[in-house]
Amino acid sequence: MFFATAEYKERIRKTKERMAARGIDVLLITDPANMNYLSGYDGWSFYVHQMLVVINDEDQPIWIGREQDSNGAKLTSWLYHENIIPYPESYVQTDQRHPMDFVAEILRQIGQDKRSIGVEMENYYFTAKCYERLKKGLPNAVFHDATLLVNWVRLVKSSTEIEYMKRAALFVEKAMLDGIEIINEGVRECDVAAKVLHTQITGTEAFGGDYPAIMPLLPSGEKTSTPHLTWTDERYKHGDTVILELAGCYKRYHSPLARTVNIGKPSPQMEHLSKVVVEGLNACLDMIKPGIACEEIEEAWKKSIEKSVITKDSRLGYPTGLNYPPDWGEHTASIRKGDKTILQPNMTFHLIPGIWLDHYGFEASESIRITETGCETFAVLPRELFIKDGMSNKLTG
């Protein structure tokens, strides 16, 4: 297991407190990150339906999943083996029956079918059919939307979680530098992605990397006007700007990082944009501390850039840490106007004041931990625009 049993039990206790406050007796968890957080289960099985059942008056959750994955639950979780219940292969991807029929039957058998049940309604892994089959199989239950209930428990990290994110930061530092080093005119985008992925997973001699929840984002040229493009087999050209948004991942804990490189001398517009973003990012890092609200960080950003003509409508950042594809964010607080979440020590955020204009863009981001007196970045890399001499491949930024 990645954590001591006592830490899992404390997470369960905090989850049950939130359940009680919401009037929820039984919590059905389908988000694999929340499942991992409370049970330790770690497997690439979230493409089929699986469930962690937290019952307010039971010490341990119950894991319900595909039969061939049940040994994985026994190997990676802290649960008693009798709390790991597999459903037969006949429930997998068929029109004849549904895994939620099996879940409903188990809840009936253990006397939980007439209780107040919470489900993660806003969830990549919980479908409309899941909800309909549960309601049909549990007609006497009262259902509640328990979206993000566990996510909010995850917001403040333990010392072990922080250590995992620090290790992940070592991976992303190496991956970022390797990516920047190989980028040059004539090089294929896919070859840069391959180098980055190799470094992300190789990690360091002391610790090996895990697969990140998001593939390397590598928009180039005019494609830097949008953040979420990956790569093609096209070759970089002289003058191209390339954004690299990556994450190191260790035991499912992420440390994202973004930097931007220009092949050859950047345009005056790019030079201006990069200076504005980096100045704003530094201003935010200087003022972040416990006790302030998320929206105050956004206010500091706006004040920093108000002398420029640049504006940013998208949020400035979000909590990050434990997750599975397709996202390394935790979906709770956001660094933007109106979010009054108060920062506490050991909260962790991806602060990413990226700007994407009509034909070009720039990113420089940091994953940060809120400390007792301020904040610290997980990675240590220069934040300015990196500049490559297209002919010699010399880095001058």
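Predicted model: local features only at pLDDT ≥ 70, side-chain atom pairs only at ≥ 80, totals over all residues.

A residue is called buried when its relative accessible area is under 20%, exposed when it is over 50%, and partly exposed in between, with a 1.4 Å probe and protein chains only. Residues are numbered from 1 along each chain as its sequence is written, and side-chain values use heavy atoms, with hydrogens and water left out.

Rings of Phe, Tyr and Trp (its six-membered ring) pair if their centres lie within 6.5 Å, and planes under 30 degrees apart count as stacked, over 60 as edge-to-face and the rest as tilted. The count by this rule comes to 19 aromatic pairs. One of them joins F3 to Y253 edge-to-face, at 5.9 Å centre to centre and with 70° between the planes. This pair links distant parts of the chain, 250 residues apart, since F3 lies in the segment before α1 and Y253 in strand β8 (residues 253-263). Ring pairs also link F3 and Y253 into a cluster with Y8, W78, Y164, F171, F207 and Y250.

Helices (H or I, at least four residues) and strands (E, at least two) are DSSP runs numbered from the N terminus, and two strands pair if DSSP finds at least two bridges between them. An open sheet of six strands, with mixed pairing, runs in the order β4-β3-β2-β1-β5-β6. Because β4 (84-87) and β6 (142-145) stand at the edges with a single partner strand each, one side of each is left without a neighbour in the sheet. Within the sheet, β1 (residues 26-29) and β2 (residues 51-55) pair in the antiparallel sense over four bridges, and L28 stands opposite V53 in β2.

| Helix | Strands touched | Angle |
|---|---|---|
| α2 (residues 32-39) | β1, β2, β3 (62-66) | about 50° with β2 |
| α4 (residues 99-109) | β1, β2, β3, β4, β5 (116-119) | about 140° with β4 |

A nonpolar core is a set of buried Ala, Val, Leu, Ile, Met, Phe, Trp, Tyr and Cys residues joined through side-chain atoms within 4.5 Å. The largest has 36 residues, and L27, I29, L38 and W63 have the most contacts inside it. Its largest share, six residues, comes from α7.

Key
Contact = heavy atoms within 4.5 Å. Axes fitted to C-alpha atoms, helices over the stretch in contact; angles between N-to-C directions.
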